[in-house]
Amino acid sequence: MPSARRPRRSAAAAALALAVAIVTAGCAASAPTAPMPTRESSSAVAPTGTPTATAEAAPAGWFRPSAAATALATGLSAPWSVVPLGEGGALVSQRDDGTVREISPDGSSRAAGVVPDVVSGGEGGLHGLAVLETGGETWLYAYHGTEQDNRVVRMPLTGAAGSRALGAPEVVLDGIARARTHNGGRIAFGPDGLLYITTGDAGDRASAQDEASLNGKILRVTPDGGAAPGNPFGTAVYTLGHRNVQGIAWTADGAMWASEFGQDTWDELNAIRPGGNYGWPEVEGVAGDDRYVDPVTVWTPDESSPSGVAAVGGTVFVAGLRGERLWAVDTADGALTGEPQALLAGEQGRLRDAVAAPDGSLWVLTGNTDGRGSPRDGDDVLLRLALAPS
């Protein structure tokens, strides 16, 4: 949850929407128009490897839950990210203690390991996870805070289902400034096989507009951490002008979406375009200024405070922390096709992450034990929502 909010220069009204899926087909994201640099990197390494636990084909259309939520796992401590595994299990990061927990299909959980050098405090700690299979090995990628920075590391993921373990970490990308708030932290492999990393401004607003800074950005790198081929600035930077992005996902048409914490007035859902400037700190919400990309929809912080994002077909699902609801947003061609719909409103407390599962369901991770919620019996919980075309 962001700290001290200030009024935004502009307004727009709407709420966000929900749905679930992992998209493996697709191309570069499309989005609202904005000035777009054309410089490209000439030295980046082509991506290799395959993200695990993805659907074979992205479903078309829009989706909604078809039954009440059921619990896949309980008793999690400050969970932040969930990544499905191919055999039906999952890995969950615990922000404050740096533990990666393995969730078995029967709901049991165990510690797969602790990521070394995690330093927690405020909103910092162990954040996003992503899994990649390459060269006959399975790697777990993790975004986390250390004493001096935020960074992405990767570790060999060894062992069979039910006995997963973490190998020694190697640094993929470091030097991302950290603070008690605005640490970003979501990572995901896109349909192009490249690693996308969201960062916050770490309280330094000017960094979001500084092309040379890693903060206040969405970054796009190869699995080894090099600037990805075709990046608009010839560096790791993919987009800029962000305050605190904590969710990214791709719909079936290849469009990339990101959730963003605002300050006082408007939280955002953005369609991501390479080289786009999303305005922070000059703009919060809809500006109507050709220099910046406007969000496709906004909502007040008490309705959302958005974190993880999932997509199934053309529906984007956004997990809300302060808003304690899951937003379902139906989209096509980088734009909304209807009004966002609020789901699970007040039923499960704070919602930290959402992810499309291999079986076509949506998994939602609660966040009631993060120090800002009101934990209930069994919290925190990994929930499963069956989906059906809407």
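So, let's start with His-182: with 5% relative accessibility it counts as buried, because buried here means under 20% relative accessible area, exposed means over 50%, and partly exposed is in between, with a 1.4 Å probe and protein chains only. Quick caveats: this is a predicted model, where local features need pLDDT of at least 70, side-chain atom pairs count only at pLDDT 80 or more, and totals for chains, interfaces and linings use all residues. Residues are numbered from 1 along each chain as its sequence is written, and side-chain values use heavy atoms, with hydrogens and water left out.

Back to His-182. It isn't a glycine, yet its phi is positive, about 60 degrees. You'll find His-182 in the loop between β12 (170-176) and β13; strands are DSSP runs of E, at least two residues, numbered from the N terminus.

Glu-324 also has a positive phi without being glycine, near 50 degrees. Buried or exposed, or partly exposed? Glu-324 comes out partly exposed, at 29%, and it lies in the loop between β22 (315-320) and β23 (326-332).

Now, that β13 belongs to an open, antiparallel sheet of four strands, ordered β13-β14-β15-β16; two strands pair if DSSP finds at least two bridges between them. The edges are β13 (187-189) and β16 (237-240), each with a single partner, so one side of each has no neighbour in the sheet.

Last, cis peptide bonds: Trp-280 to Pro-281 has omega near 5 degrees, and Asp-379 to Asp-380 has omega near -5 degrees.
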